[in-house]
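Q: Please take a close look at one part of this model and describe its surroundings in a connected account.

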Amino acid sequence: MHRPKLAIGLVSVALLSGVALVGSASAEAGPAATPAQAGPVPAPPQDRPAADSLRALGDRVGLRIGTAVNMDELGSNADYTRITAEQFSSVTPENVMKWQLVEPTRGTYDWAAADRLVEFAKKNKQLVRGHTLVWHSQLPTWLSSDGYTTTLSNDELKALLKKHIQDQVKHFKGDIWQWDVVNEAFDDDGKPRETVWYKAWGGLGYIADAFRWAHEADPKALLFYNDYNLEFTGPKSNAVYDFVKTLKAQRVPIDGVGFQGHLDTQYGFPDLQNNLQRFADLGLKVAETEVDVRTFTEAAPNVNTPTDPLASYAQESYWSRAMKACLAVRECISFTPWGFGDTYSWIPGWFDDPQEGAALLYDGNLQPKSQYYVLQQDLALAAGAPHRPGPGGGRH
Ligand code: G3I
C-alpha cells in the first residue's frame, strides 16, 4: 500500500540530493542503457555497499547505521546474512556477548559466537558495539538467577566483576568501537536498581570501577552507559544525567551515553533530541542503540500484523523523528535498530498482553517495510548537511 508513495518520494529525494537511489547499478555502470540495451541489472561490486543502502547513505552524513544481530541466523540464513552485510555499518551482538552466554560455567569462557560476529564485521567493514559488560539481567545462573539475589559474598562478586570485565575487554581488544559498559542501572523512578552489584558495593560505586577496569583493558574503545527511557525528560533521564555528570567530574573514563530507544506508538514521541543534546553538552558522545517502534498487533500467530491498518503511518513518523533527532545532534555517532526482521524481534514475546509487535524495519519475510524507506529518505535528505562530522562518523 505504501510502495507507490515511497517510490515517488525516492525519486524526489534523488533529485534533491544527487544520490542514485533506485539501485546502485546506475552509479556503478556508467551511462544508463537505452531500453533496447537494457538487460539484467548488474550486481554491485561486492566490496562496496549499494548507494541506496542505509549504510552508504549513513556514510554520506558521517553516521554509522547499526543493527543488533541474532547469531542463530547469521551465517545460516542467507537473506538475513546478506542484509546484515549490505545495509549496516555497525553491528551489536543481541545476546552473545552477555555474561550468561560467554561464561555459562564458572571459569570456562565460550567466545565462539561472539568471535564469529567480530570476524563477520571485519570482513564487511563494520564496527562493533560490544553489549554488555555489567547488567543485572542474563547473568549466568551460577552467579545469580534474578540479578538481585546471589549466594556469593560481596568480596567474591567484586573480584568476579573485575575479572569478567578485564578478561572480556582484553579478549576483544582493538575490535570493539563502543562498549556498553553498564546497562540499565536505574529504575524508571530514577532510583538506582538494587542489583547484586549495587548491594555488593553498597551503592553505585561499581559503575566507576567498571569504567576504569574497561578503560585499562582497552584504552581506545569508547565506553558507554546504556539505558532505556532516557529519551523522555523525567525522573530516570534526570537521574542518569546527574549521575554521568558526576562521573565526568570525577574523571571516570566514560565517553558516551546510549539511548536504547524502545518506542511505542501508544505513547507520545519523546523529547529525544533535547535529551540527546543535554547529555552531549556534558562533553559526551551519544548514540541511539536499540531502536524499535512497536504497536498493537493481532494475537498469535499474526503477532506482527498491526490491529490498526493506519499504524504504520505512526511508526514511520516515530522512526523518522528518532533518526532526525540523531542527525540533529552532532555528537550522536550511531543509530542502531534492535534487529531488522520482525520475526526475530524480542517484542512479541515480551509484550503479549495486549499483544504488540511489528516493531522493526523489515517484515517477517525480510522485505523492507515503509519504515525502511522513510529512513532512506531522511538520510538522503541530510546528505551534505554541514553540521555532521563527515564520513567515518568520528571514530574516536
Ligand atoms: O538461548 C536460550 C535457548 O537455549 C532456550 O531454548 C530459549 C528458551 O526460552 O531461551 C534462549 O535464551 C533467550 C535469549 O534471548 C536468546 O534467544 C532468553 O530466553 C531470552 O530471555 C533472551 O531475550 C533477550 C533479552 O534481551 C534478555 O533480557 C532478547 O533476545 C534481547 O533482544 C534482549 O535485549 C535487551 C538488551 O540486551 C538490553 N536492552 C533491552 C533489550 C530488550 O529486552
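A: In this predicted model, tyrosine 344 lies in the loop that links strand E9 (332-337) to helix H13 (347-350). Apart from neighbours within four places in sequence, tyrosine 344 is in contact with Asn70, Glu73, Asn77, Tyr80, Glu94 and Leu366. With one of these residues, asparagine 77, the side chain of tyrosine 344 forms a side-chain to side-chain polar contact of 3.0 Å. The C-alpha atom of tyrosine 344 is also 8.2 Å from that of glycine 364, although the two residues are 20 residues apart along the chain.

The ligand is surrounded by 14 residues, and the closest are Glu94, Lys98, His131, Glu184 and Glu290. An N or O atom in the side chain of glutamate 94 is 2.4 Å from an oxygen atom of the ligand. For asparagine 95, a side-chain N or O atom is 2.9 Å from a ligand oxygen atom. Glutamate 184 instead has a side-chain N or O atom 2.9 Å from a nitrogen atom of the ligand.

A separate feature is the packing of two helices. Helix H10 (residues 235-249) packs with helix H11 (residues 272-280) at an angle of about 15 degrees, and their axes are 10 Å apart. Because this angle is under 35 degrees, H10 and H11 count as roughly parallel to each other. The contact involves Ser237, Asn238, Val240, Tyr241 and Val244 of H10, together with Asn275, Arg278 and Phe279 of H11. By class, this contact of H10 with H11 comprises four nonpolar, three polar and one charged residues. The crossing of H10 past H11 is right-handed.

Notes
Residues are numbered from 1 along each chain as its sequence is written. This is a predicted model: local features need pLDDT of at least 70, side-chain atom pairs count only at pLDDT 80 or more; totals for chains, interfaces and linings use all residues. Side-chain values use heavy atoms; hydrogens and water are left out. Axes are lines fitted to C-alpha atoms, for helices over the stretch in contact, and angles run from 0 to 180 degrees between N-to-C directions. Helices (H or I, at least four residues) and strands (E, at least two) are DSSP runs, numbered from the N terminus. Angles under 35 degrees count as roughly parallel, over 145 as roughly antiparallel, 65 to 115 as roughly perpendicular and the rest as oblique. A crossing is left-handed if the near helix is turned anticlockwise from the far one by less than a right angle, and right-handed if clockwise. Contact means heavy atoms within 4.5 Å. Ala, Val, Leu, Ile, Met, Phe, Trp, Tyr, Cys and Pro count as nonpolar, Asp, Glu, Lys and Arg as charged, and the others, Gly among them, as polar. A residue is near a molecule or strand if one of its heavy atoms lies within 4 Å of it. A polar contact is a pair of N or O atoms within 3.5 Å; within protein, one must be able to donate a hydrogen and the other to accept it, and residues adjacent in sequence count only if both atoms are side-chain atoms.
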